[in-house]
Amino acid sequence: MTGNRLRRLFSAIQVALILVATFVMLVPIAWIFLAAFKTHVDVYQLKLFFRPTLENFGTVFDAPFLLGAKLFNSTIVALVTVMLAIPIATMAAYSFSRFHLRGETAMLVTILATQFVPAVIIVLPFFVMFRDIGLLDTRVGLIVVNLAIVMPFAIWMIKGFIDGIPLDTEEAAMVDGSSRVQMIRNIVLPMAAPGILTAGIFCFIIAWNEFLFALILTNKNAVTLPIGLALFKAEEGDLWNLLSAAGIIIMLPMFILALLIRKYFVQGMTMGAVR
Amino acid sequence: MGRAWVRPPRVRDNILKYLLVAPAVVVVAVTAIWPLIEAARLSFTVGRLNRPGSLEQYLGWENYVWAVMEEPAFWNSVWVTAAYTFLTVALTTILALALALLLAPGGRLRSGVQTLLILPFAMSPALIGVSFRFMFNPEFGLFDAFFGALIPPLANVSWLADPILAFAVCIMADVWGWIPFLTLVLIGGLISVPRETLEAAQIDGANGWRVFRDVTLPQLAPVLAVVVILKSIFSLKTFDQIFMLTNGGPGTATQTLSHYIYFNGMKYGQIGFAASVAWLMVIPMIFLTYAYAKLVFRKDQAQ
C-alpha cells in the first residue's frame, strides 16, 4: 500500500518537474510573442493582459527599419547556400558511402573538423579578400562563406541517409545494364530524397540563423535578419516591441521547419555520432 | 524526364568516385581550409587593415608573443572563456541529463514536451541574446522580477551592469538555449539502453539510484562523451549571444575569445594580431575534434 502511494507521489513530482522545465523553456519565447503585440507603452510594464495590436509588424517594415530588405537577403542567402551545398554534398556523400576512396578517412575527418573551426577565424581572411575584390556587403560573398558552415553538416547527414539504403536495389539495377550515373539518378536519388530534403531544411535553418559572418561582411545592402535586430537599439534604449516583432519574423518560419524535421535534428547536429 | 535524356558516357567507377567528391573537396578547401592557412599567414604579419602593405609585412612570432606576454586583455578573455565553457558544459550536461531521465519514458505529456524542445534550438543564438536582455531588464524584465521576488537584494538591480551578474546572465542564456538539444541527444541514448538489462538489475533488487549508477550511466557513457565534447566546442566558440546580450561588457567581464578576436580584428583593425589569437584558440579545438572524430568513427565501424 505505502509503496503504491509512494510511487504515485514520485510520479506526481516527476510531472511537476516536467511542467516547471517546460514553463522555463517557453517563457522567454512566449514573452517575445506577447511583446510583439504590445504597444510601446504596454511593453514597459509587466502586463499579461493588454489590448493587442498588429502595428509593430507594420512599423518594422517601414523606414528606417525596412525589415523587408533584410528578410529578402536572408531568404536569398539561405536558399542559394542550400541549393549549392545540397547537390555537391549529395554527390560526395554517395561516393563516401558506396566506394572505398584513397584517403577517405582523412577527407571525412577533415570535413568533420572544419565544422569545429571557430567562425571568427574563417571570416578574417574572407574580409580582407572581399574588400580587395569588392564582395563586401554582397549576398554572393555571404553565400560563399556560408558554404563553409553548411557543407560538413550536409555531407555527413546525407551520407548517413545513403548508408541506410540497402545495396541490393542498386546491384539489381546495375545487373539490368543501367550505368552507375543512371542508377544514381533513377534509384538512389528517389530513395534518398526525404533524407536530402531533411538535410536541406537543416542547412537552411543554420544559414538563416548565421550571425557572425553577416555581422562582419555586411553593413547595408546585404544585411540579414539576425543583424537587422541591432537596428532596434535606439538612443532612448531598446525598442522592445519592435525587436519582438522582428524576432517573431526570424523565428517562426524556423520553428515550422524545425518541427518538420524534428526526428533528424539530433543526428544532424552530432554528425551521426548519435542516432 | 525519363526517355528524353541522353545516355551519359559510361564512366568507370574508380574514376567516377573521385569525380563525385571533387566539388565537395574544392568547396571545403576554399571555404574552410584556405581561410585557416591564410589566417596563419596573417598572424605573422603586422596586419593593420588601414595600412596598405602591412598584410605582407612579416614580423615572425611577435603577435603571438605580444598576446601571451603583454596583453592582460587576452588573458582576461582566456579566463572568461574557460570559466564560461566549464560552467555551461557542466550545467547543461547535468540539467539535460536530469530532463532526459524525466522525459525518456514517453507517453503523451512527455512526447509533447520532447516536441517542444526543438523550439529553443531553432532559435537564432543572437535572438536568444536579445530575449535574455529583455528578460533581465531591471524595469520590466520577467526574470528580473522573478529573481527579485525570490532574492530581495536582487530586486531591480541592473543585471547587465554588474560584472558577475552579467556573466551569470550569459551563462543562463547559454544553458537555456542548449539544454533542449542535449536533452534530445541524451533521450536518444537512454532509449537505446536495453530494457532487459534494466529489468534484470531491478529484479536483483537494486534501487533506482543503483540502477542508474551501475547500469544506465555506463551504457550512456559514449553518448555523454559526445554531448560533453560537442558542447565544449560550441561553448569555446561562443559569440552571437554575448554580442547581443552584453557585447563583452560591462568592461571586459564577459568578453569571450571570439569576441576579443572580433574586437581586435574588426573594431581596431589589427587583423594580424587577431589572427594570431584565433590560431591560439584553434589549439584546444584540435584536441576536442580529435576526440570527437574518434567517437564518430568508432560508431561507424561498429555498424
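At 1% relative accessibility, A:Phe211 counts as buried, where buried means under 20% relative accessible area, exposed over 50%, and partly exposed in between, with a 1.4 Å probe and protein chains only. Before I go on: this is a predicted model, in which local features need pLDDT of at least 70 and side-chain atom pairs count only at pLDDT 80 or more, while totals for chains, interfaces and linings use all residues. Residues are numbered from 1 along each chain as its sequence is written, chains are lettered from A and ligands numbered from 1 in the order in which they are written, and side-chain values use heavy atoms, with hydrogens and water left out.

Over all chains, the structure holds 37 aromatic pairs. Rings of Phe, Tyr and Trp (for Trp, its six-membered ring) pair if their centres lie within 6.5 Å; planes under 30 degrees apart count as stacked, over 60 as edge-to-face, and the rest as tilted. A:Phe211 and B:Phe239 make one such pair, a tilted one, with 6.4 Å centre to centre and 40° between the planes. Where do A:Phe211 and B:Phe239 lie? A:Phe211 is in the loop between helix H8 (180-209) and helix H9 (212-217) of chain A, and B:Phe239 is in the loop between helix H10 (208-237) and helix H11 (240-245) of chain B, so the pair joins two chains. B:Phe239 is buried too, with a relative accessible area of 3%.

A second pair is B:Phe243 with B:Tyr262, which is edge-to-face: 5.7 Å centre to centre and 90° between the planes. This pair links distant parts of the chain, with B:Phe243 in helix H11 and B:Tyr262 in helix H12 (residues 257-267), 19 residues apart. B:Phe243 is buried at 11% relative accessible area, and B:Tyr262 is buried at 6%.

Now to H12(B) itself. How many of its residues are buried? The count is 9 of the 11, so H12(B) is largely enclosed by the rest of the structure. Among the buried ones are B:Leu257, B:His259, B:Tyr260 and B:Met266. Just after H12(B), B:Gly269 takes a positive phi of about 70°.

Chain B also has an aromatic cluster, formed by B:Phe132, B:Phe136, B:Phe143, B:Phe146, B:Phe147, B:Trp159 and B:Trp176.

**Each chain as a whole**

Chain B has 13 helices and 0 strands. Helices (H or I, at least four residues) and strands (E, at least two) are DSSP runs, numbered from the N terminus. The radius of gyration of chain B is 24 Å, well over the 19 Å that the globule rule gives for 303 residues, so chain B is more spread out than a compact globule. That radius is taken over C-alpha atoms, and the rule is 2.2 Å times the number of residues to the power 0.38. The C-alpha atoms of chain B fill a box of roughly 75 × 75 × 45 Å along the principal axes. Of its 303 residues, 53% are buried.

Chain A comes to 12 helices and 2 strands. The C-alpha trace of chain A spans about 80 × 70 × 30 Å along its principal axes, and buried residues make up 56% of the 275.
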